[in-house]
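Reader: Here is a model to go through. I would like each label set against its cut-off.

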Amino acid sequence: QQRDAAKLHRRKLNNRQNKDHENSGSTIVGSDCPIFVSVRGRVFATSRSTLCDFETDTFFSSLLRFHGQQDDHEQNNNTIFLDRDPDVFEVLLPWMANPKQTEICVSSMTPEFRKKFLEDIQFYNITSLMTSLGPLLLDQPLTEESASADSNDH
């Protein structure tokens, strides 16, 4: 009888561990819950699905997979704090919400903004934008400063 009870206990433990393993990080909890993203103090309201559904394995999907597993009191009222450029995030957010129908116009960006934009899409690990826009973002016209620095090297 004790052996049967021990087997039953082990079976229950294994089942519980398998369920925990299946649920840990495989889905993002509460994908329609509102999320507030504070980017250097500028607050953007969005949803988990907007931050995660456009692409897998991004900064946001990884963060929210972990964030969704925390107790409610540890989640800071569903607010994410980022020390990134809020102007870049303002351009990215509509694209994340609807990547197929939102165009990001690189030609209207200043060289400085292109640089920040590239840094941030790399930070957020948005590979589709790095692939499609990376070459355009790197193809910046020379500024007077960089042109004079290049000419001094020759």
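Author: The model is predicted. Cys52 is a place to start: its relative accessible area is 7%.

Reader: What makes Cys52 buried or exposed?

Author: Buried means under 20% relative accessible area. Cys52 has 7%, so Cys52 is buried.

Reader: And why does Cys105 count as partly exposed?

Author: The partly exposed class lies between the buried limit of under 20% and the exposed limit of over 50%. Cys105 has 39% relative accessibility and therefore counts as partly exposed.

Reader: How many disulfides are there, and by what rule?

Author: A disulfide is a pair of cysteine sulfur atoms within 2.5 Å. By this rule the count is zero.

Reader: What is known about Arg40, and is it buried or exposed?

Author: Arg40 sits in the loop between β1 and β2. Arg40 has a relative accessible area of 52%, and exposed means over 50%, so Arg40 is exposed. Arg40 is not a glycine, yet its phi is positive, at about 50°.

Reader: Where is Asp57, and what is its phi?

Author: Asp57 is in the loop between α2 (48-52) and α3 (59-67). Its phi is positive, about 60°, although Asp57 is not a glycine.

Reader: How do you know that β1 and β2 pair?

Author: Pairing needs at least two bridges between the strands. Strand β1 (residues 34-39) and β2 have six, in the antiparallel sense.

Reader: Why is α5 called roughly antiparallel to α6?

Author: The axes of helix α5 (residues 111-123) and helix α6 (residues 127-138) come within 10 Å and cross at roughly 155°. Angles over 145 degrees count as roughly antiparallel, so α5 is roughly antiparallel to α6. The crossing of α5 past α6 is left-handed.

Reader: Which residues of α5 and α6 meet?

Author: Among them are Arg114, Phe117, Leu118 and Ile121 in α5, and Leu129, Met130, Leu133 and Gly134 in α6.

Key
Residues are numbered from 1 along each chain as its sequence is written. This is a predicted model: local features need pLDDT of at least 70, side-chain atom pairs count only at pLDDT 80 or more; totals for chains, interfaces and linings use all residues. Side-chain values use heavy atoms; hydrogens and water are left out. Buried means under 20% relative accessible area, exposed over 50%, partly exposed in between (1.4 Å probe, protein chains only). Helices (H or I, at least four residues) and strands (E, at least two) are DSSP runs, numbered from the N terminus. Axes are lines fitted to C-alpha atoms, for helices over the stretch in contact, and angles run from 0 to 180 degrees between N-to-C directions. Angles under 35 degrees count as roughly parallel, over 145 as roughly antiparallel, 65 to 115 as roughly perpendicular and the rest as oblique. A crossing is left-handed if the near helix is turned anticlockwise from the far one by less than a right angle, and right-handed if clockwise. Contact means heavy atoms within 4.5 Å.
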